[in-house]
Amino acid sequence: AFQRVTEELLEANIRFLVAQTELRKSELQNNSVTEFVKLLQRVNQDREMLNINNIDISAYASPEGSLDINERLASGRQKVTTDYVRRQLDENQLQAYVDTHYTAEDWEGFQQLVRASVIQDKDVILRVLSMDQDPEEREKQIRNMSVVYEELTQGILPELRRARLIANYDVIGRSDSQIKQQFQADASKLSNDEILYGANLQDDPAQKKAWYEKAAQLYPRDARAFNNLR
């Protein structure tokens, strides 16, 4: 099961105030964004073990405003977020493809959040909105509902005013020679998959047996090493 290169992703979210496109310091210091920055720093420091493939940026506006205003807000949030990401890449001397797009009216996100909420009349809200195919009429309905349902104003709509960052990156494992060296130095620092993989690199049956015995010793709950020793 050993894989030298595994694909991973890290997601971060930046929220914006209503009708604004400014990146707030408090949002840049939230946990997900700081983890995003730390990832870029780790890639810069350990390029042999980590590699950024691409970064996807999606910006959104909540759907209660007019389409023209939401277009301006979503595109503005896309721009400031993209500029921020590019600055972080430059500071860490990294190059990565940055794919950017925006959604002016995040109806899908609105429906998902309402469905997952504890709003008592959420089914009614979704049913009423689904009856209106005209975007302007739906915007009006949301504004009207927001007056009645504080949960929409306080809990749902603020979560839609956001930019989402997704960093797709590779974690690069040890090479064959590095696995062999680590086994000789301290096998406990190898994963079970690395040891079992390293055993298959051994031509000498006695050496192969030694690797399986070490795997059985370090990972006694995994039956694979025991099966290979039989």
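The largest nonpolar core of this predicted model contains 25 residues. Within this core, the residues that touch the most other members are Phe36, Leu39, Ile52, Ile55, Val85, Leu89 and Leu165. At least two core residues are supplied by each of the strands β1 (5-15), β2 (50-60) and β4 (162-172), and likewise by each of the helices α2 (31-45) and α3 (67-91). Helix α2 provides the largest share of the core, with six residues.

The surroundings of leucine 39 illustrate how parts of the chain meet. When residues up to four places away in sequence are not counted, leucine 39 touches Leu10, Ile52, Ala167 and Tyr169.

The secondary structure of the protein as a whole consists of 11 helices and four strands. The radius of gyration is 25 Å, whereas the globule rule gives 17 Å for 230 residues; the value for the protein is well over that figure, so the protein is more spread out than a compact globule. The C-alpha trace spans about 75 × 40 × 25 Å along the principal axes.

Of the 230 residues, 39% count as buried. The accessible surface amounts to about 13,300 Å², and carbon and sulfur atoms account for 45% of this area. Among contacts with a separation of 6 or more, 70% are between residues 24 or more positions apart. Charged side chains comprise 30 positive and 38 negative ones. The centres of these two sets lie 5 Å apart.

Is glutamate 7 itself buried or exposed? The relative accessibility of glutamate 7 is 70%, and the residue therefore counts as exposed, the cut-off for that class being over 50%. Apart from neighbours within four places in sequence, glutamate 7 is in contact with Tyr169 and Asp170. Tyr169 is also touched by leucine 39. Asparagine 144, by comparison, is 137 residues from glutamate 7 along the chain, and the C-alpha atoms of these two residues are separated by 45 Å.

How values were computed:
Residues numbered from 1 in each chain as written. Predicted model: local features only at pLDDT ≥ 70, side-chain atom pairs only at ≥ 80, totals over all residues. Heavy atoms only, no water. Core = buried A, V, L, I, M, F, W, Y, C linked by side-chain atoms within 4.5 Å. Buried < 20%, exposed > 50% of the residue type's maximum accessible area, 1.4 Å probe, protein only. Contact = heavy atoms within 4.5 Å. Rg over C-alpha atoms; globule rule 2.2 N^0.38 Å. Areas by Shrake-Rupley, 256 points an atom, 1.4 Å probe, with all protein chains shown as cover. Lys, Arg positive; Asp, Glu negative; His and termini not counted. Charge placed at Lys NZ, Arg CZ, Asp CG, Glu CD.
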